[in-house]
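Welcome, and please take a moment to look over the model shown here. The report that follows walks through it step by step.

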Amino acid sequence: MARRKAEAVTETAEKTEHTFTKALLAGSKRFSARRDLLNAILKNDRQYTISEVEELVEEFMKGKVSE
């Protein structure tokens with residue numbers, strides 16, 4: 001019984017991620033080294049999850065440099 005309950009709680013926690021504004025993310029300790037990048041790639045009128053931001057940063061960093 002306890003095992004099922006723990007699995008259900010874990011599944012719920014994985015599905016529910018908190019969202020944050022551009023200003024909160026750019027001002028956070030976690031993204032302090034990428035503050036300028038976040039200000040460039042994130043939109044002001046949208047909220048993002050941590051995983052979305054990490055994915056966007058990764059995609060941007062893998063982008064090709066135009067000559």
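Of the 67 residues in the protein chain, 18% are buried. Keep in mind as you read that this is a predicted model.

**The overall layout**

Four helices and two strands are found in the protein chain. Starting at the N terminus, their order is α-β-α-α-β-α. Among the contacts in the chain with a separation of 6 or more, 40% are between residues 24 or more positions apart. As for the surface, the chain exposes about 5900 Å², and 52% of that comes from carbon and sulfur atoms.

**The nonpolar core**

In soluble globular proteins, nonpolar side chains tend to be buried together. Which residues make up the largest nonpolar core here? There are eight in all: Leu 25, Phe 31, Leu 37, Leu 38, Leu 42, Tyr 48, Val 53 and Val 57. Helix 3 (35-41) and helix 4 (50-62) are the elements that give two or more residues to this core.

Leaving aside neighbours within four places in sequence, Leu 25 is in contact with Phe 20, Phe 31, Leu 38, Leu 42, Tyr 48, Ile 50 and Val 53.

Is Leu 42 buried or exposed? With a relative accessible area of 4%, Leu 42 is buried, because anything under 20% falls into that class. Not counting residues up to four places away in sequence, Leu 42 touches Lys 22, Leu 25, Tyr 48, Val 53 and Leu 56. Leu 42 and Val 57 are 15 residues apart in sequence, and their C-alpha atoms are 9.6 Å apart in space.

For contrast, turn to Leu 24, whose place is in helix 2. Leu 24 is exposed, with a relative accessible area of 54%. Along the chain, Leu 24 and Gln 47 are 23 residues apart, and 9.7 Å separates their C-alpha atoms.

**Salt bridges**

Side chains of opposite charge can pair when their charged atoms come close. How many salt bridges does the model have? The count comes to three, and they are set out below.

| Salt bridge | N to O distance | Relative accessibility |
|---|---|---|
| Arg 30 and Glu 54 | 2.6 Å | Arg 30 55%, Glu 54 34% |
| Arg 46 and Glu 52 | 3.0 Å | Arg 46 37%, Glu 52 30% |
| Lys 62 and Glu 58 | 3.1 Å | Lys 62 63%, Glu 58 45% |

Arg 30 and Glu 54 meet in a salt bridge through their side chains. This pair links distant parts of the chain, 24 residues apart: Arg 30 is in the loop between helix 2 (22-26) and helix 3, while Glu 54 is in helix 4. Arg 30 counts as exposed, whereas Glu 54 is partly exposed. Apart from neighbours within four places in sequence, Arg 30 is in contact with Ile 50 and Glu 54.

Where do Lys 62 and Glu 58 lie? Both are in helix 4, four residues apart, which is about one turn of the helix. Lys 62 is exposed, while Glu 58 is partly exposed.

**A buried threonine**

The last stop is Thr 49, in the loop between strand 2 and helix 4. At 10% relative accessibility, Thr 49 counts as buried. The side chain of Thr 49 is joined to that of Ser 51 by a polar contact of 3.2 Å. Which residues does Thr 49 contact when neighbours within four places in sequence are left aside? They are Glu 17, His 18 and Thr 19.

**Looking back**

One is the eight-residue nonpolar core, with Leu 25 and Leu 42 among its members. The other is the salt bridge between Arg 30 and Glu 54, a pair that links distant parts of the chain.

Key:
Residues are numbered from 1 along each chain as its sequence is written. This is a predicted model: local features need pLDDT of at least 70, side-chain atom pairs count only at pLDDT 80 or more; totals for chains, interfaces and linings use all residues. Side-chain values use heavy atoms; hydrogens and water are left out. Buried means under 20% relative accessible area, exposed over 50%, partly exposed in between (1.4 Å probe, protein chains only). Contact means heavy atoms within 4.5 Å. Accessible areas come from the Shrake-Rupley method with a 1.4 Å probe; for residues, only the protein chains shown count as cover. A nonpolar core is a set of buried Ala, Val, Leu, Ile, Met, Phe, Trp, Tyr and Cys residues joined through side-chain atoms within 4.5 Å. A salt bridge is a side-chain nitrogen of Lys or Arg within 4 Å of a carboxyl oxygen of Asp or Glu. A polar contact is a pair of N or O atoms within 3.5 Å; within protein, one must be able to donate a hydrogen and the other to accept it, and residues adjacent in sequence count only if both atoms are side-chain atoms.
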